[in-house]
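Visitor: I am new to this structure. Please show me how to read it.

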Amino acid sequence: MADIVLEHVTKRFPDGALAVNDFSMNIADGEFVILVGPSGCGKSTTLNMIAGLEDITEGELRIGGKVVNNMAPKDRDIAMVFQSYALYPHMTVRENMGFALKLAKTQQAVIDEKVNEAARILDLTQHLDRKPANLSGGQRQRVAMGRAIVRDPAAFLMDEPLSNLDAKLRVQTRTEVSRLQRRLGTTMVYVTHDQTEAMTLGDRLAVMRAGVLQQAGTPKELYDSPDNLFVAGFIGSPAMNFMGAAVEDDTLRTSIGAIPLSPALRQTLEQSKVGRDVIVGIRPENFEDVALVPPDQRSQGITFRATIEVVESMGSDVFVYFTQESDLSAKVEQLADLAADAGRDAGSQDETVTARLGTETRIREGDNAELWADTRALHVFDPQSGINLTKEIAP
Amino acid sequence: MAAVTTTARQKAGWTTANLVVIALALIPVLWLVSLSFKTPTAVVDPSFLPKQWTWSNYFGSTGILRTSQFIRPLINSIGIGLIATLIAVVLASMAAYAIARLQFPGKGVLIGMALLIAMFPQISLVTPMFSIERAIGLFNTWPGLIIPYVAFGLPLGIYTLSAFFREIPWELEKAAKVDGATPFQAFTKVIAPLAAPGMVTTAILVFLFCWNEFLFAISLTSTIASRTAPASIAYFSGSSQFTVPTGPIAAAAVVITIPIIIFVVFFQRRIVAGLTSGAVKG
């Protein structure tokens, strides 16, 4: 067991592409850290650098206090689970799991004991003498985990280990991974592009975009006080709604109405010299059907009318979608990135808003409904840099 | 895509076409077999099947399997073929692995050179090689044939094997590295076993090339000390100066065809079957 320290780690590929730029992070011993970001953000490259499968161009990587920049993977005492599992097809499950120990010239009796123990934990005992080709997807995934466990390494590295499983099995395995990590108490670095997986699994998340670490923190920190537009849009499902806004005297003019500025927010905006145009973000869960808001709370937000286009009832929640016409554009590079990642079109002038309402709502598709937005939970972003101006004064 | 339906007519057409091709390929072989069982006096007999069957061309007093004029070249063929194949496959697997996996300066040149050697007309090399081998004492020795066979077997091997290596998921190798394998261990314990069907295929192809090779065999040898079986046939003599050794030639041709048939029959499935299934999600 060991801590992992990345200091100003940079990866530049021979063709000049900058995959990871000045990445710094301290991963404590026994911590479960998730690297998350859209595809191509450099999270897998970072993991490969920790594993020793990619050279580090600049910076320093320490595992358990030792600088390992130039150490071969085999000397770093780490185990890795690959997205494709990378099981050796010519070996049985037993041989697959014992391969690393065999290479380390461990005694056969010790290997057998450790493999049997890992197989028992992972419920693979009856499959030990089968070849990977004859196993189901979930079983293969467990073999890949088992291969990592028997090593009893300083750290586990996982490269999207669940993305080849079907949705139901993924949720089930997710809890297993989490339980396993708690039980073993081994440092784990886990890469995923799925923010739900990231939020549910990790002690701490590191959100990456285009090779740059955007923000690291606990799931709650990232959710409540994102550093910038990208993190705000990436974390949370459904994603935060972004709207163009204009600062006018004591209010923020947006497509859902004028939002009064609190003194603290007003002061922050004046100090930051962002100018008149800003971007506001409101999470879907900060909207509500006015009829469901107790009258004494209504004053803490604003009410507005919108024509509801789609109503999705999930049983536990109701999602409604509506579009507001806006003359204030919220087009920022970071938003375009997010939109591209979610397969949406960022070019449209109109703002589509998602709101999560209570299940008792009577709103139907096509209604011109009255909605309430909790403006205490408002985020205001600088449209140029994307920085969250409300981070310090968040509730 | 519409489902492909075979009508009876199409079936009949294909069957006829296949039969014609098979007949064209097999009739000369069968004729050769028949010829090898005819008595020396009956070789001019135009009938397809021998009127009188005899083993004398194989085991008779002048039969090919009784004379060192053929036995020794047969041993040469097997020995030279196996050694050349072994060297070529080992070298080719390393080269192919490098080509399939690594980026290194001069990679394009290496591939180009391999292709160039494969394309080079061998006849243009025979004379200089004859002179070189004579000068350095390799003429009429096993190494004198093994070296050119390895040289010409390598491009073939590199091309087939690099295709096989490319099929092997790279993550397996990364997994082996993380599991603590040195690059050499990763190659021998993970990559090579998975590429085994490819290696067998390559070995068979290279061996068949060596086995069938005639031009170098006849040009770079002078006695049965290193002459290979196909070349030795050209030196067969009849029982008298005026008889053509048709029977022994046919018998020898049959003998050198047998290993090829065995290879094809026994290794066909092995060549086709891949070991990589189940390595990754599938």
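This is a predicted model: local features need pLDDT of at least 70, side-chain atom pairs count only at pLDDT 80 or more; totals for chains, interfaces and linings use all residues.

Visitor: In which order do the strands of the open sheet of 5 strands lie?

Guide: Strands of a sheet pair through backbone hydrogen bonds, either parallel or antiparallel. Strands (E, at least two residues) and helices (H or I, at least four) are DSSP runs, numbered from the N terminus. Two strands pair if DSSP finds at least two bridges between them. Here the order is β15-β19-β16-β17-β18 in chain A, with antiparallel pairing. β15 (287-289) and β18 (351-357) of chain A are the edge strands, each pairing on one side only.

Visitor: How many bridges join β16 to β17 of chain A?

Guide: There are 5 bridges. Ile308(A), for one, has Phe322(A) in β17(A) as its bridge partner.

Visitor: Which strands form a hairpin with 2 residues between them?

Guide: β11(A) and β12(A) do. They pair over 3 bridges, antiparallel. Glu248(A) stands opposite Thr251(A). In the turn, Asp249(A) has a positive phi of about 50°. β11(A) also pairs with β14 of chain A, over 6 bridges.

Visitor: How many residues does the contact take from chain A and from chain B?

Guide: Two residues are in contact if their C-beta atoms, placed from the backbone, lie within 7 Å. Chain A gives 24 residues and chain B gives 21. On the side of chain A, β6 (78-81) and α2 (93-103) each give two or more residues.

Terms used: Residues are numbered from 1 along each chain as its sequence is written. Chains are lettered from A and ligands numbered from 1 in the order in which they are written.
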